[in-house]
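Keep the viewer open as you read.

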Amino acid sequence: WYRRALKGGLEPDEEFLTSLFEATAKIGDLQAAESWYREMVARGIKPDGEVFNLLVKTAADAGNLPAAERWFSEMAQAGAVPEPSTVAKLIELAANSEGADAAARWFDEAKKICVNAGQEVDKSVEDTMQ
């Protein structure tokens with residue numbers, strides 16, 4: 001339907017594409033969310049922290065550690081700061097998938113990102129590592 005609408009003259013704006021992205025992410029459809037992300041970028045829309053946080057959370061909820069790690073890394077490269085709940089989900093998934101060392105590695109990575117952004121890691125995330 002989207003491609004037909006484009007052929008019919010639809011010019012999707014940021015709000016339209018972001019809504020489609022958020023809807024697919026919130027229902028847990030990682031593949032569709034990633035597709036809408038790519039469409040947003042192709043149309044010159046710069047993803048913000050909310051977009052990256054949703055991608056990491058959607059991947060984590062799907063149990064897809066490689067995708068969650070990739071999106072977390074892309075978030076850092078884009079200069080976006082992870083939400084505490086995003087960091088907690090990634091750490092939990094890493095711990096469950098690969099053990100304590102993987103969880104500690106992502107906790108350390110999150111600390112670096114937050115420090116570089118002039119923020120501290122949320123206390124609730126630190127408590128996760130106890």
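Two residues are in contact here when heavy atoms of one lie within 4.5 Å of heavy atoms of the other. Please also keep in mind that this is a predicted model.

Setting aside residues up to four places away in sequence, Phe72 touches Val56, Pro82, Val87, Leu90, Trp106, Glu109, Ala110 and Ile113. Several of these names come back when we turn to the nonpolar core. The largest such core has 36 residues, and those with the most contacts inside it are Phe21, Tyr37, Leu55, Val56, Trp71, Phe72 and Leu90. Which elements give two or more residues to this core? They are helix H2 (14–26), H3, helix H4 (49–61), H5, helix H6 (84–98) and helix H7 (100–116). H4 gives the most, with seven residues.

Now look at the aromatic rings. Rings pair if their centres lie within 6.5 Å, and by this rule there are three aromatic pairs. One of them joins tyrosine 37 and tryptophan 71, with 4.7 Å from centre to centre and 75° between the planes. Planes over 60 degrees apart count as edge-to-face, so this pair is edge-to-face. Tyrosine 37 sits in helix H3 (residues 30–42) and tryptophan 71 in helix H5 (residues 65–77), so their pairing ties together parts that are 34 residues apart in sequence. Are these two residues buried or exposed? Tyrosine 37 has a relative accessible area of 10% and is buried; tryptophan 71, at 3%, is buried as well. Ring pairs also bring in Phe52, linking Tyr37, Phe52 and Trp71 into a cluster.

Next, turn to how H4 packs against H2. Two packed helices are described by the angle between their axes and the distance between those axes. For H2 and H4, the axes come within 9 Å and cross at roughly 25°. That angle makes H2 roughly parallel to H4, and their crossing is left-handed. On the H2 side, Phe21, Glu22, Ala25 and Lys26 meet Glu50, Val51, Leu54, Leu55 and Thr58 of H4.

Finally, stay on H4 and find lysine 57. What is the relative accessible area of lysine 57? The value is 18%, and since buried means under 20%, lysine 57 counts as buried. Apart from its neighbours within four places in sequence, lysine 57 is in contact with Glu83, Ser85, Thr86 and Lys89.

Methods
Residues numbered from 1 in each chain as written. Predicted model: local features only at pLDDT ≥ 70, side-chain atom pairs only at ≥ 80, totals over all residues. Heavy atoms only, no water. Phe/Tyr/Trp six-rings, centres within 6.5 Å; stacked < 30°, edge-to-face > 60°. Helix = DSSP H or I, 4+ residues; strand = E, 2+ residues; numbered from the N terminus. Buried < 20%, exposed > 50% of the residue type's maximum accessible area, 1.4 Å probe, protein only. Core = buried A, V, L, I, M, F, W, Y, C linked by side-chain atoms within 4.5 Å. Axes fitted to C-alpha atoms, helices over the stretch in contact; angles between N-to-C directions. Parallel < 35°, antiparallel > 145°, perpendicular 65-115°, else oblique. Left-handed = near helix turned anticlockwise from the far one by under 90°.
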